[in-house]
Amino acid sequence: MYFAVMLPSQSLGLRGLALLLALAAAGCATRPDPDDAEGLAEFRETNDPFEPANRAMFEVHEVADRYVLQPVAEAYRDILPQPIRSGIRNVLGNLRAPVILANDLLQGNIPRARITLGRFMVNSTLGVGGLLDVAREWGVPGHSEDFGQTLAVWGAGEGFYMFVPLFGPSSPRDLGGQAVDLAINPLSWLGQGLIVDAAGWTQLGLTVVDTREALLEPIDQVRATSLDPYSTLRSAYRQRRAFEIRNQESPGGNVVGPSGVTGFGQGVTAPGGPDAAPPPAR
């Protein structure tokens with residue numbers, strides 16, 4: 001599963017983050033000789049000074065994905081027919097609308113904020129709580145925004161590249177942005193309680209499975225054709241984030257991140273329908 005998920009607050013403590021950073025520091029890649037201009041250019045371009053530790057985390061993630069996440073996603077596709085999966089994807093996208101709207105506003109992008117608010121109102125009413133993406137059928141597709149993008153718009157640098165098992169590719173800016181998105185999410189304002197906790201975990205679980213199901217074919221193809229899936233993923237992730245920050249569509253489709261094809265976004269699907277996998281860009 002190659003995407004970053006929003007976990008409930010109790011799932012990622014400061015101690016866990018500190019441990020990850022410590023592991024990364026222990027595996028810092030050797031900086032090329034100052035006289036090696038080509039090596040230095042590549043070192044700066046990849047922005048991956050902790051590559052040995054990141055590769056180790058990637059291998060841990062691969063094991064979890066092959067033996068847990070991928071089989072669950074395949075069973076999800078086999079058991080639930082496409083219309084039901086599309087409805088779930090639409091609902092998840094609609095639930096993300098308040099977070100997207102907040103980031104639209106924080107970025108000062110009023111036109112996109114109006115689109116997000118209008119889609120949410122239409123899909124929540126005429127779309128039966130978001131089951132149907134009526135707004136898209138009316139020619140108003142959705143988009144995704146997160147606080148990592150907002151920080152970039154405000155001028156914050158991405159920091160070093162990092163790979164976190166189950167989260168996938170990230171950076172200090174994007175990982176911190178997810179924590180803010182969690183705080184913005186209205187569901188987190190409801191406090192504690194059995195029903196609230198169950199709703200939060202249900203949303204998380206469905207988002208994870210929905211996202212992984214949407215990426216079954218692209219990830220399989222990358223594994224089959226790429227000589228170095230880690231490098232391919234790193235490059236594609238950074239390119240995709242650059243396009244998202246500029247509010248542009250990634251060329252060649254979106255195969256390493258959530259927005260555009262899953263419940264992380266606004267129920268937006270790749271050309272050809274909800275099950276059409278974007279062509280690999282890695």
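1. **Ground rules.** This is a predicted model, where local features need pLDDT of at least 70 and side-chain atom pairs count only at pLDDT 80 or more, while totals for chains, interfaces and linings use all residues. Residues are numbered from 1 along each chain as its sequence is written, and side-chain values use heavy atoms, with hydrogens and water left out.

2. **Overall fold.** The protein chain has 12 helices and two strands. Helices (H or I, at least four residues) and strands (E, at least two) are DSSP runs, numbered from the N terminus. Read from that end, the order is α-α-α-α-α-α-α-α-β-β-α-α-α-α.

3. Of the 282 residues in the protein chain, 48% are buried. Buried here means under 20% relative accessible area, exposed means over 50%, and partly exposed is in between (1.4 Å probe, protein chains only). The protein chain exposes about 13500 Å², with 65% of that supplied by carbon and sulfur atoms. These accessible areas come from the Shrake-Rupley method with a 1.4 Å probe; for residues, only the protein chains shown count as cover.

4. **Contacts along the chain.** A contact means heavy atoms within 4.5 Å. Among contacts in the protein chain with a separation of 6 or more, 71% join residues 24 or more positions apart.

5. **The nonpolar core.** Which residues make up the largest nonpolar core? There are seven: Met57, Phe58, Tyr161, Phe163, Tyr230, Leu233 and Tyr237. Helices α3 (51-79) and α12 (229-245) are the elements that give two or more residues to this core, and α12 supplies the largest share, with three residues. The term covers buried Ala, Val, Leu, Ile, Met, Phe, Trp, Tyr and Cys residues joined through side-chain atoms within 4.5 Å.

6. Side chains of opposite charge can pair when their charged atoms come close. With a salt bridge taken as a side-chain nitrogen of Lys or Arg within 4 Å of a carboxyl oxygen of Asp or Glu, the count comes to 21. One of them joins the side chains of Arg234 and Asp48 at 2.9 Å, N to O. Arg234 lies in helix α12 and Asp48 in the loop between α2 (37-46) and α3, so the pair ties together parts that are 186 residues apart in sequence. Both Arg234 and Asp48 are buried.

7. **From α10 to α3.** Another salt bridge joins the side chains of Glu213 and Arg77 at 2.8 Å, N to O. Here Glu213 sits in helix α10 (residues 194-214) and Arg77 in helix α3, 136 residues apart.

8. Arg241 forms a salt bridge with Asp174, and their closest N and O atoms are 3.0 Å apart. Arg241 is buried at 7% relative accessibility, and Asp174 is buried with a relative accessible area of 7%.

9. **Asp146.** Take a look at the loop between α7 (134-137) and α8 (147-153), where Asp146 lies. Asp146 is buried, with 14% relative accessible area. Its side chain reaches the backbone nitrogen of Gln149 at 2.9 Å. Leaving aside residues up to four places away in sequence, Asp146 touches Arg96, Asn103, Gln107, Asp181 and Arg241.

10. **A nonpolar surface patch.** Val63, Tyr67, Val68 and Val72 form a nonpolar patch on the surface, together having about 410 Å² of accessible area. Patches are made of residues with over 30% relative accessible area and no salt bridge: like charges are joined within 9 Å, and nonpolar side chains (Val, Leu, Ile, Met, Phe, Trp, Tyr) within 5 Å. Val72, in helix α3, is partly exposed at 42% relative accessible area.

11. **Around Ala97.** Ala97 is in helix α5 (residues 97-106) and is buried at 3% relative accessibility. Leu117, in helix α6 (residues 110-125), is partly exposed at 39%. Ala97 and Glu145 are 48 residues apart in sequence and 9.2 Å apart in space, C-alpha to C-alpha.

Terms used
A polar contact is a pair of N or O atoms within 3.5 Å; within protein, one must be able to donate a hydrogen and the other to accept it, and residues adjacent in sequence count only if both atoms are side-chain atoms.
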